[in-house]
Protein chains: 2
Amino acid sequence: VERKNLQNLFENFKKHDLRALSRLLTLVENEDEIAPDVLKEIYKNSGRAYRIGITGPPGAGKSTLVNALALELKERKISIGIIAVDPTSPFTGGALLGDRIRMTKALSGTNIFMRSMASRGGGGGLARTTPQAADVMDAFGFDVVIIETVGVGQLELDVANSVDSTVVVLVPETGGSVQAMKAGLIEIADVFVINKADRDGAETLKQELLDAMSLRSATSENSWTPPVIKTIAPAAKGISELAAKLEMHLNFLKANKLLARARLGRLRKRIIELTKLTLERMLWENTDHAAFLDHLCGLCMEGKMDPYSAVELFLKRIKIIKTKDPEV
Amino acid sequence: VERKNLQNLFENFKKHDLRALSRLLTLVENEDEIAPDVLKEIYKNSGRAYRIGITGPPGAGKSTLVNALALELKERKISIGIIAVDPTSPFTGGALLGDRIRMTKALSGTNIFMRSMASRGGGGGLARTTPQAADVMDAFGFDVVIIETVGVGQLELDVANSVDSTVVVLVPETGGSVQAMKAGLIEIADVFVINKADRDGAETLKQELLDAMSLRSATSENSWTPPVIKTIAPAAKGISELAAKLEMHLNFLKANKLLARARLGRLRKRIIELTKLTLERMLWENTDHAAFLDHLCGLCMEGKMDPYSAVELFLKRIKIIKTKDPEV
């Protein structure tokens, strides 16, 4: 996509053309040169959707749960955009991708749009581009944007910080509450789901989670106690309760002015992250700066300078910001 | 330690006072305010020690191996500084620390100095301070500095990038070569050690590693093929062979001018990292900048601005570097 075609894409996007949505998502996901133009344009129309993160350990049945939840919301005339985040791994990438393709098929013809995002070499890219993709879906007009993450790593915690409500999905056999605590899931959950709840141990896990919650409530100022819901996703059991609890959480956030406060906090963080990224590109992708850095390295190697003085000199000499004509 | 006492510490450090070494290491490890002064001072005397990284999965017997290697080098009249890096974990921290204490005792009275470094809250601190601690030991005059890391995460890969030679320690029962490949250990190893080699599977593992090496050699320009050595650390079996292979690797690096080239590369990386860190502190710990950032966030929340334009404005308005009087 070239810059001159962008205006055309924006027009189609406003007419709710799914192909235009898809192409804008690709530009954002690839961190294309013109991605900032896309994000600037769509920003003014975003900020309306309710964003739900769904996370939990592999094998908890998250995809099926997301599927069931989306169909439930559709019944309620709520339109849904889904982002499924797959950090590509040589061991799991293929199988998961297969699931996605099947799932997209099951949802076709409904008021539901699904997008898979895959890591291209890591380095925090997905943590950065996932909320941006959610902005695009938000601006497109979906009432709800669901972000589904696989696993329990740093990415999942980052994504949890970018949504309004976080659903943590566990299953009886995963070792339950101890594993969840270890992975930091107790801290981020607004709603707990025990999926595959017809299996042994579901009630025990529920009790453990409620116990862990009571500890959390005692030390936190937040008066929201995460409910624990049992579901059997393929049979859609417990799904309407999940939808109800999410609505309750959203109302709680609004009533306590927490929705706006959290969104302000996230906005601040994002501006900081973008500033860092821009600065890095300006600093290290400039050949003059690189040459000066090489010069300083040479002096250090000869023992004529130490790295700490080199840093001072580097910061002193280069003009990172041209005040009249910023290179942004 | 206050700045005025620093000169005194440096004098004692030059007289090979172990207490002075210990205190300077603490300043560096804690990233104390005066740590840059320490590093500037000692830098001119560092760059002489041969740095060896020893890594591998938990339970591979690395501590015992490091112990045995240190005693072997001592026999050869080589002085050794050891840094044992323990990323503190609520699950393993205590037990590992216990090992360290025992080990330090076993080495007391020899020409060997050991230091444990523990993570204080993560965030890349250990990856940054470990090479700095190695600089201090290097400047103190140790011929060899050994950095031992526990586990196979990002920290270990970072440490491997900061040493001259990396020893990867495996044991027959750890699942062997597949696990090592998965964790990226095959890429970083200069020497492989199969410890506890009297157990079943040692020869199979050796063969698997040699096969994996032959693949690596075929695609790499580097003509060094990592040898695979079997050891039984508590009985000091294979340890003199390990010492010999390390000496061979050091000579290989010198003969091919790789030692200086690698050190230059690391120096460059370090200057870049320090510059980033300094910039971050300048940007985000300044109250005026924070107030301006808040103002921009407010505009975005009101829909009067988007975050991408906010970044541009932020970079334009703030003067990160005062060219006459840098705040470094």
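Student: In which loop of chain B does His16(B) lie?
Tutor: In this predicted model, His16(B) has a phi near 60°, a positive value in a residue other than glycine. Most residues other than glycine have a negative phi. As for its place in the chain, His16(B) lies in the loop between α1 (3–14) and α2 (18–29) of chain B.

Student: Does Glu31(A) count as buried, partly exposed or exposed?
Tutor: Glu31(A), a residue other than glycine, has a positive phi near 50°, and its place is in the loop between α2 (18–29) and α3 (35–43) of chain A. Buried would require under 20% relative accessible area and exposed over 50%. Because the relative accessibility of Glu31(A) is 30%, this residue counts as partly exposed.

Student: How are α12(A) and α13(B) oriented to each other, parallel, antiparallel, perpendicular or oblique?
Tutor: The axes of helix α12 (residues 258–284) of chain A and helix α13 (residues 287–301) of chain B come within 10 Å and cross at roughly 120°. Roughly perpendicular covers 65 to 115 degrees, and roughly antiparallel begins over 145. The two helices, α12(A) and α13(B), are therefore oblique.

Student: How many nonpolar, polar and charged residues does the contact of α12(A) with α13(B) have?
Tutor: The crossing of α12(A) past α13(B) is right-handed. Residues of α12(A) that make the contact include Leu264(A), Leu267(A) and Ile271(A), while those of α13(B) include Leu293(B), Asp294(B) and Cys297(B). By class, the contact has ten nonpolar, no polar and three charged residues.

Student: What percentage of the residues in chain A is buried?
Tutor: The secondary structure of chain A comprises 14 helices and seven strands. Of the 328 residues in chain A, the buried ones make up 51%.

Conventions: Residues numbered from 1 in each chain as written. Chains lettered and ligands numbered in written order. Predicted model: local features only at pLDDT ≥ 70, side-chain atom pairs only at ≥ 80, totals over all residues. Heavy atoms only, no water. Axes fitted to C-alpha atoms, helices over the stretch in contact; angles between N-to-C directions. Helix = DSSP H or I, 4+ residues; strand = E, 2+ residues; numbered from the N terminus. Parallel < 35°, antiparallel > 145°, perpendicular 65-115°, else oblique. Left-handed = near helix turned anticlockwise from the far one by under 90°. Contact = heavy atoms within 4.5 Å. Nonpolar A, V, L, I, M, F, W, Y, C, P; charged D, E, K, R; others polar. Buried < 20%, exposed > 50% of the residue type's maximum accessible area, 1.4 Å probe, protein only.
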